[in-house]
Amino acid sequence: MRRQGRVFLSVVSAWSRPPLAPRLLAAQSHVRSLRRSSAAAANMAEEAKKLAAYAAVDNHVQNNQVLGVGSGSTIVYAVNRLAERVRLEKLNIVCVPTSFQARQLILQHGLTLSDLDRHPELDVAIDGADEVDGDLTLIKGGGGCLTQEKIVAGCAKRFIVIADYRKDSVSLGQQWKKGVPIEVIPMAYVPVSRVIARRFGGEAVLRMAVSKAGPVVTDNSNFILDWKFESVENWREVNTAIKMIPGVVETGLFVGMAERAYFGMEDGSVLTRDASVN
């Protein structure tokens, strides 16, 4: 009897609760709607990355090539497609990575791994970007691999960029708000940041790690400054000037390097943009 009494009281208590206020119900519904919209946008962006990556690999990878493999989330789809083509078409492809991540992707897919010591000249390099402007000037280095990415791209006869629609801009800074990554020797990060701010404006901030205490450390054991610029008219001149500052290893500005960019679009198409011929 006692057990039945407790059940009865709990049911009565539940029935006697006042209904949730209409505003609270509306707010909960709005939150659920935002979560669904956010998930849908993320899925659309991932599909766009895949479209761009597949188009680049299908159009630029041929048998008996040495390929530079970039870094980042979009390159994962490119390596997936590359491995699929190597398996189905029996292609002979040698891969040179731009980072530890790229190296692991190459090994995980059973592709042939090499380096610039053995293959200093590449047929093509494929890599992502944080932002691409109308002239195919890039900001790269959001993942911290800018120096090795630029070295590999510079060794390639053709440098191809893959990205989703969110990375396409008329001018740099329109979409990417985290600044230009600059790799620096650790002992020099304070003077370099001061020189950049004084000469070019804006602010150069030491990038801090998320899952460890202290700053981000690159594959080359260096630090990264993120330069949040104000306005720049000539990226080529600024890039050269920053690289001349003692302590700077490399910048995330890729000026005049990319030959073509593939953008996966929201509607499922792929937009192609070629560099202008000067």
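Phenylalanine 223 is buried, because its relative accessibility is 15% and the cut-off for buried is under 20%. Keep in mind that this is a predicted model.

What does that ring pair with? Phenylalanine 223 and tyrosine 189 have ring centres 5.8 Å apart. Their planes sit at 65°, so this pair is edge-to-face. The two partners come from distant parts of the chain, 34 residues apart. Tyrosine 189 belongs to helix α6, and phenylalanine 223 to strand β10, residues 223-228. Tyrosine 189 is partly exposed, at 29% relative accessible area.

How many aromatic pairs does the whole structure hold? Six. Ring pairs also join Phe200, Trp227, Phe229 and Trp235 into a cluster.

Now the cores. The largest nonpolar core has 27 residues. Which of them touch the most other members? Leu82, Ile126 and Ile162. Several elements give two or more residues to this core, including α2 (22-60), β1 (65-69), β4 (122-127) and β7 (156-164). Helix α3 supplies the largest share, seven residues.

Leaving out residues up to four places away in sequence, its contacts include Ala52, Ala53, Ala56, Ile126 and Tyr262.

Last, the surface. Ile185, Met187 and Val249 make a nonpolar patch there. Together they have about 290 Å² of accessible area. Where is isoleucine 185? In the loop between β8 (180-184) and α6 (189-200). Isoleucine 185 counts as partly exposed, at 36% relative accessibility.

Methods
Residues numbered from 1 in each chain as written. Predicted model: local features only at pLDDT ≥ 70, side-chain atom pairs only at ≥ 80, totals over all residues. Heavy atoms only, no water. Patch = residues over 30% accessible without salt bridge, like charges linked within 9 Å, V, L, I, M, F, W, Y side chains within 5 Å. Areas by Shrake-Rupley, 256 points an atom, 1.4 Å probe, with all protein chains shown as cover. Salt bridge = Lys/Arg side-chain N within 4 Å of Asp/Glu carboxyl O. Helix = DSSP H or I, 4+ residues; strand = E, 2+ residues; numbered from the N terminus. Buried < 20%, exposed > 50% of the residue type's maximum accessible area, 1.4 Å probe, protein only. Core = buried A, V, L, I, M, F, W, Y, C linked by side-chain atoms within 4.5 Å. Contact = heavy atoms within 4.5 Å. Phe/Tyr/Trp six-rings, centres within 6.5 Å; stacked < 30°, edge-to-face > 60°.
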